[in-house]
Amino acid sequence: MYEEYIEILKSRLNEKRFEHSLNVAKKAREIAVRYGADENKAYLAGLLHDICKNDSEEKMLQIFDKFGIILDNVQVVSKKLWHSIAGAAYIEHFLNISDKELLDSVRYHTTSRENATLMDKIIYIADFVSDERNFDGVDELRQALDESLELCYKNALSMSINVLSSEQCPIHADTFKAYNCVTL
Ligand code: DGI
Ligand code: FE
Ligand code: FE
């Protein structure tokens, strides 16, 4: 069932990113089982979430152009946000996947968003705590996840905002909106 997608990923991603995608898929399925979401959808969204990560800027700009995607000011300068926007469009239009929940979870896997769905949160978190991640604080995030999805989600958003602001990067409004609407 996933084989055709795995072959496509292998052809589009470098080895490290391919392994990351498999790990995120596995983690997403695990979180979905634990927190009552569709485990197959979570696995597939995890597999595909970084499908455009190794694309050139030109290729992603072509995708935006082809599908009428207009970037806002922060997105224009934050090229690291491009792969999630391009990825969702690629999956919809080239892989013919129409499931909105899956597409949105890929679209918002980097910034998250206001009123994120359970699937959005699962992919956002799985991307953060997948097996190969080893940044400072990742074990605390994994512990938080054992306790509460919301707690882990809030801590991950907070960590992103801290890291980005310490590096004086622009922070997308979707990240702040996501953070502000967590009720904990
Ligand atoms: O694609 P991954 O590396 O697996 O993870 P990701 O999609 O979460 O991308 C993380 C990168 O995106 C990381 O370098 C930080 C950057 N990023 C996330 N949110 C923002 C951002 N960069 C800017 N400038 N603004 C954001 O809001
Ligand atoms: Fe990503
Ligand atoms: Fe990722």
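So, along the sequence, the donor residues of the iron ion (ligand 3) are spaced H-x28-H-D-x76-D. By donors I mean N, O and S atoms within 2.8 Å of the metal (3.2 Å for Na, K and Ca), and since water is not among the atoms, sites may look incomplete. Quick bookkeeping: this is a predicted model, where local features need pLDDT of at least 70, side-chain atom pairs count only at pLDDT 80 or more, and totals for chains, interfaces and linings use all residues. Residues are numbered from 1 along each chain as its sequence is written, chains are lettered from A and ligands numbered from 1 in the order they are written, and side-chain values use heavy atoms, with hydrogens and water left out.

Back to ligand 3: that iron ion is held by H20 (NE2), H49 (NE2), D50 (OD) and D127 (OD), at 2.2 Å. H20 sits in helix α2 (residues 15-35) and D50 in the loop between α3 and α4, so to speak 30 residues apart, a pair linking distant parts of the chain. Helices here are DSSP runs (H or I, at least four residues), and strands are E runs of at least two, numbered from the N terminus.

Now, the other iron ion, ligand 2. Its donors are D50 (OD), H83 (NE2) and H109 (NE2), at 2.1 to 2.2 Å, with the spacing D-x32-H-x25-H. D50 coordinates both iron ions, ligand 2 and ligand 3, which are 3.5 Å apart. H83 is in helix α6 (residues 82-93) and D50 in that α3-α4 loop, so this pair ties together parts 33 residues apart in sequence.

Buried or exposed, then, for D50? Buried, at 1% relative accessibility; the cut-offs are under 20% relative accessible area for buried, over 50% for exposed, and partly exposed in between (1.4 Å probe, protein chains only). H83 is buried too, at 5%, and so is H20.
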